[in-house]
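Visitor: Please walk me through this one step by step, starting with the words I'll need.

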Amino acid sequence: MKQLKITLILMLSIAALGLCALMGLFLFHGSAVFSGSQQDYALVLEKEIDAQRIRSLQITMSFEDICFIQGSGDTIQIREYANYTPKSSQLPRVEDTGSELLIKGARVHFFSLFSLRSRNAYLEVSLPPRLFESLDSLQAQTASGDITAAFLLQPRERLSASTTSGDIILDTIAGNTHVSSTSGGIWVNQVAGDITASTTSGEIIIDSINGNTDISSTSGDITLGEVEGNLELSSTSGEIRLRAGHGSLLADTTSGDIILDRLDGDFRIDTTSGEVSIIDGNGYGQADTVSGDVYLALTALLGDLSISTTSGEVVLNLPETSSFTLDYDSNSGDCSTFFDDVLSFNQKGSQAKGTYGSGDHYLAVSTVSGDLWIQAK
């Protein structure tokens, strides 16, 4: 009997813990796990603001999505949609000070225990194109919601969008832009102006940038299309991929690869266990890795080149018209080039020095056990 009671108590305790976990899931994530039906949203708030005098627009929400849509005329239209009937205290607060428009969501997020259906809402903000003729700054912030816009956002000075667990999906943005997400992803089609973007575990994908770029990610990948401007790219375990870059590049990863399809400009690249690849480029710079390989194919070597790796191999494709002085140093690696006849090797073949052409630039390669291959492009 005593053993039966103990078993019953354990079963009740497990059931109680499961119920608590379920309630926590709903409270903090708002998931409609058991509803299975499509949620119907209705308009619960609507306001209209004269856009001509607004210089600053700031939106701060908790769990709601923020959706920007393109409007018309001279007014900013604000609409809140919800799948429940909120009290007035649960609606966003709209403050119009004359030149500044502040939209602040209520800090509520709850669910109906009996219906097992989450209560959610989203904010829709309609912005007319004429607004951006005078709007200096646009700031949107939400905790667990997404931020989206399918048209051009171009405040005159600053655009800021941040979310904790939501995604940021923007079509075209212009000006000085800052976007960040903790666990969500960032997707942008076109950027005209400088941009700073960061995420912890989400990926960052930007198709086109015309301006300076500063992007960082912890475990998410960074994928960029064509970039005109200087780049600073950093990732811990994610991969960095660039389709075409025209400007100076500073890139570093810990365990992720760095792959540059095209780069025109100088570079400084660091990675621990990832590989470094420049498929095609014009430039010069420095590439350092511990256990990853280094592959560089340059149409033109425009300056000094320094490469170091511990156990990785170094493969260089250089044009026959290049002009440089080579200094290769390794403990146990080998050196093989298309100009071996002008090089002097040590007895082990792990060191090589010599001048190819008139020696305009300095080419230094250092490895511990990695080989060096230099091929004619």
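Guide: Helices (H or I, at least four residues) and strands (E, at least two) are DSSP runs, numbered from the N terminus. This is a predicted model, where local features need pLDDT of at least 70, side-chain atom pairs count only at pLDDT 80 or more, and totals for chains, interfaces and linings use all residues. Residues are numbered from 1 along each chain as its sequence is written, and side-chain values use heavy atoms, with hydrogens and water left out.

Visitor: How many strands does the protein chain have?

Guide: Let's get the overall picture. Besides strands, the secondary structure of the protein chain includes one helix. The strand count comes to 33.

Visitor: How far apart are the C-alpha atoms of Leu-102 and Ile-59?

Guide: Leu-102 is placed in strand 6 (residues 100-104). Skipping neighbours within four places in sequence, Leu-102 is in contact (heavy atoms within 4.5 Å) with Gln-58, Arg-93, Val-94 and Glu-95. Leu-102 and Ile-59 are 43 residues apart along the chain, yet the distance between their C-alpha atoms is 6.0 Å.

Visitor: What share of the residues in the protein chain is buried?

Guide: Buried means under 20% relative accessible area, exposed means over 50%, and partly exposed is in between (1.4 Å probe, protein chains only). The protein chain has 377 residues, and the buried share is 45%.

Visitor: Are the rings of Tyr-81 and Tyr-122 stacked or edge-to-face?

Guide: Rings of Phe, Tyr and Trp (its six-membered ring) pair if their centres lie within 6.5 Å; planes under 30 degrees apart are stacked, over 60 edge-to-face, and the rest tilted. The whole structure holds seven aromatic pairs. In this one, the ring centres are 5.1 Å apart and the planes sit at 15°, so Tyr-81 and Tyr-122 are stacked.

Visitor: How many residues apart in sequence are the parts that this pair ties together?

Guide: Tyr-81 is buried at 17% relative accessible area, whereas Tyr-122 is partly exposed at 26%. Tyr-81 lies in strand 4 (residues 75-82) and Tyr-122 in strand 9 (residues 121-127), so the separation in residues is 41.

Visitor: At what angle are the ring planes of Phe-338 and Phe-339?

Guide: Phe-338 is partly exposed at 28%, but Phe-339 is buried at 2%. Together with Phe-324 and Tyr-356, they form one aromatic cluster. Phe-338 and Phe-339 have ring centres 5.0 Å apart, and the pair is edge-to-face because the planes are at 85°.

Visitor: Is Thr-337 buried or exposed?

Guide: Thr-337 is part of strand 29 (residues 335-337). It touches Leu-326, Leu-343 and Ile-374, leaving out residues up to four places away in sequence. With a relative accessibility of 10%, Thr-337 counts as buried.

Visitor: How far apart are the C-alpha atoms of Val-368 and Thr-309?

Guide: Val-368 sits in the loop between strand 32 (361-367) and strand 33 (372-376), and it is partly exposed at 37%. Among its contacts beyond four places in sequence are Thr-309, Thr-310 and Ser-330. Val-368 and Thr-309 are 59 residues apart along the chain, with their C-alpha atoms separated by 7.0 Å.
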